Amino acid sequence: MRYSGFQIFKQGLTGNSGWKPVWRDPTPKPEYDIIIIGGGGHGLATAHYLAKEHGLTNVAVLEKGYLGGGNVGRNTTIVRANYALPGNSEFYSHSLKLWEGLEGDLNYNVMHSQRGVINLFHSDGQRDYAARRGNAMINQGDDAILLDREGVRKHLPYLDFDNARFPIYGGLFHPRGGSARHDAVAWGLARAADSRGVDLIQNCEVTGIDIEGGRVTGVQTTRGAIRAKKVGIVVAGRSGQVAAMAGMRLPIESHILQAFVTEGLKPVIDHVVTFGMGHFYISQSDKGGLVFGGDLDFYASYAARGNLPMAEHVMEAAMALMPMIGKAQLLRSWGGIMDMTPDGSPIIDRTPIEGLYIDCGWCYGGFKAVPGSGFAFAHLIAQDRPHESATKYRLDRFRTGVGLMDEEGTGSQHNLH
Ligand SMILES: Cc1cc2nc3c(=O)[nH]c(=O)nc-3n(C[C@H](O)[C@H](O)[C@H](O)COP(=O)(O)OP(=O)(O)OC[C@H]3O[C@@H](n4cnc5c(N)ncnc54)[C@H](O)[C@@H]3O)c2cc1C
């Protein structure tokens with residue numbers, strides 16, 4: 001069923017009784033050409049592009065819970081292409097271009113809003129780095145504008161510019177950055193994949209990976225064994241556990257990231273804003289809530305909830321940057337499990353097991369990567385060679401030390417990326 005203004009009008013006249021379920025609820029078949037483990041943003045995007053770009057539709061996505069119940073529905077929804085290092089730069093640039101056509105591609109309103117991202121800086125050294133990053137973005141063909149203090153004030157007059165510890169010197173403005181409605185992204189991708197014949201199977205946890213003679217032959221699940229010629233692992237915070245089913249130990253640690261949302265307020269924050277002297281980022285949702293987050297909880301865990309010391313740390317950063325936020329009531333907070341790599345950059349690669357592929361290590365920046373990752377992973381699975389946007393996301397860089405992409409410059413400590 002195609003969505004359109006006419007369709008809304010027509011359904012309105014007939015009591016909204018003609019809408020169809022957004023995806024089917026199929027029984028798993030005994031065998032597929034391709035199984036994707038994980039029905040998050042990346043898994044659903046992979047299925048969508050396998051069907052759309054490569055005509056591969058004998059595909060199942062196996063999800064242990066419900067579609068969109070993982071990090072894809074828990075994040076702070078920031079979408080941007082402002083990376084500095086070769087490898088990341090071209091990948092996120094490609095992903096942003098896919099975002100810009102995603103609603104038309106999916107025939108689904110994912111509320112992609114290019115409201116602009118402003119990264120603040122608070123010292124001369126930070127200004128130099130912002131200029132360097134801006135130049136890298138422009139060289140990649142993306143947009144970046146270096147704002148001085150007065151330039152920032154025009155966009156964000158409510159900030160505390162003269163904070164005694166962290167005065168604002170300026171900001172790097174990325175006009176094409178912004179946000180999108182996270183769960184609509186999952187629903188739109190699911191609908192598009194399902195409409196091309198992909199089976200989306202919920203409440204189906206993969207509990208084992210079958211391998212014969214060094215080649216993957218299928219998976220064991222809570223709904224029985226399913227055979228497959230190729231299997232892709234895309235399970236975000238659970239990557240280490242699922243890879244272990246195939247006897248692999250990944251260079252990944254899982255950590256908690258929290259997010260917070262206030263009561264609905266009248267429009268006050270037009271952009272996505274990030275603080276330069278602490279990890280704090282904020283935007284306002286279309287419902288009016290201020291949505292913000294900060295650092296990881298700093299210890300490895302599989303609990304999808306956070307602890308109060310980090311909540312306090314994030315609130316302190318918020319108050320230092322925009323004291324007006326102290327008047328807002330906090331409505332709720334939650335956490336998600338992040339698959340952190342030692343260099344902070346992801347992995348999209350074949351594994352040593354024939355027919356088994358992995359897409360992981362998105363740390364806490366994987367929402368913006370959803371279309372780019374799905375596109376590149378589908379290409380890898382379908383053609384057995386990496387897509388040009390993702391040639392540097394090799395698994396073996398952590399064994400050889402060649403090709404590491406440490407965007408934060410913090411060294412090989414997972415929780416600092
Ligand atoms: C609080 C928070 C804020 C964030 N903010 C941003 C942001 O602003 N911008 C940004 O770009 N990124 C952000 N991220 C990161 C982003 O959400 C993740 O990197 C990305 O969503 C991970 O990919 P995914 O969507 O495929 O993961 P998920 O949605 O977690 O999908 C993985 C799926 O695999 C399933 N699964 C796991 N094990 C199995 C199994 N054995 N069998 C079957 N299924 C299994 C899970 O149930 C899950 O549904 C944030 C994350 C959090 C938690």
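Visitor: How many residues does helix α8 have, and what distance should they span?

Guide: The expected span of a helix is 1.5 Å times one less than its number of residues. Helix α8 (residues 308-321) has 14 residues and should therefore span 20 Å; its end C-alpha atoms are 20 Å apart, which agrees. Helices (H or I, at least four residues) and strands (E, at least two) are DSSP runs, numbered from the N terminus. This is a predicted model, in which local features need pLDDT of at least 70 and side-chain atom pairs count only at pLDDT 80 or more, while totals for chains, interfaces and linings use all residues. Residues are numbered from 1 along each chain as its sequence is written, and side-chain values use heavy atoms, with hydrogens and water left out.

Visitor: Which residues of α8 are buried, and what covers them?

Guide: A residue is buried under 20% relative accessible area, exposed over 50%, and partly exposed in between (1.4 Å probe, protein chains only). In α8 the buried residues are Met310, Ala311, Val314, Ala317, Ala318, Ala320 and Leu321. Their cover includes the strands β4 (117-121), β12 (253-264) and β15 (289-300).

Visitor: Which residues touch the most other members of the largest nonpolar core?

Guide: In soluble globular proteins, nonpolar side chains tend to be buried together. A nonpolar core is a set of buried Ala, Val, Leu, Ile, Met, Phe, Trp, Tyr and Cys residues joined through side-chain atoms within 4.5 Å. The largest one here has 50 residues, and Trp99 and Ile348 touch the most other members. Among the elements that give two or more residues to this core are β1 (31-37), α3 (88-106) and α9 (370-383). Contact means heavy atoms within 4.5 Å. Leaving aside residues up to four places away in sequence, tryptophan 99 touches Val79, Val110, His112, Ala180, Val185, Phe367, Lys368 and Pro371.

Visitor: Is leucine 106 buried or exposed, and which residues does it touch?

Guide: Leucine 106, in helix α3, is buried because its relative accessible area is 3%. Its contacts, not counting residues up to four places away in sequence, are His48, Gly188, Leu189, Arg191 and Ala192.

Visitor: How many salt bridges does the count come to?

Guide: Side chains of opposite charge can pair when their charged atoms come close. A salt bridge is a side-chain nitrogen of Lys or Arg within 4 Å of a carboxyl oxygen of Asp or Glu. By this rule the count comes to 18. One of them joins arginine 176 to aspartate 142, with the closest N and O atoms 3.0 Å apart. This pair links distant parts of the chain, 34 residues apart: arginine 176 lies in the loop between β6 (170-174) and β7 (178-179), and aspartate 142 in the loop between α4 (124-139) and β5 (145-148). Both residues are buried. Arginine 176 and aspartate 142 also belong to a network of salt bridges with Glu100 and Asp143.

Visitor: Where do glutamate 150 and arginine 153 lie?

Guide: Both are in helix α5 (residues 149-155), three residues apart, about one turn of the helix.

Visitor: Which side chain meets that of arginine 394 in a salt bridge?

Guide: The partner is aspartate 396, at 2.8 Å from N to O. Arginine 394 has 44% relative accessibility, so it counts as partly exposed.
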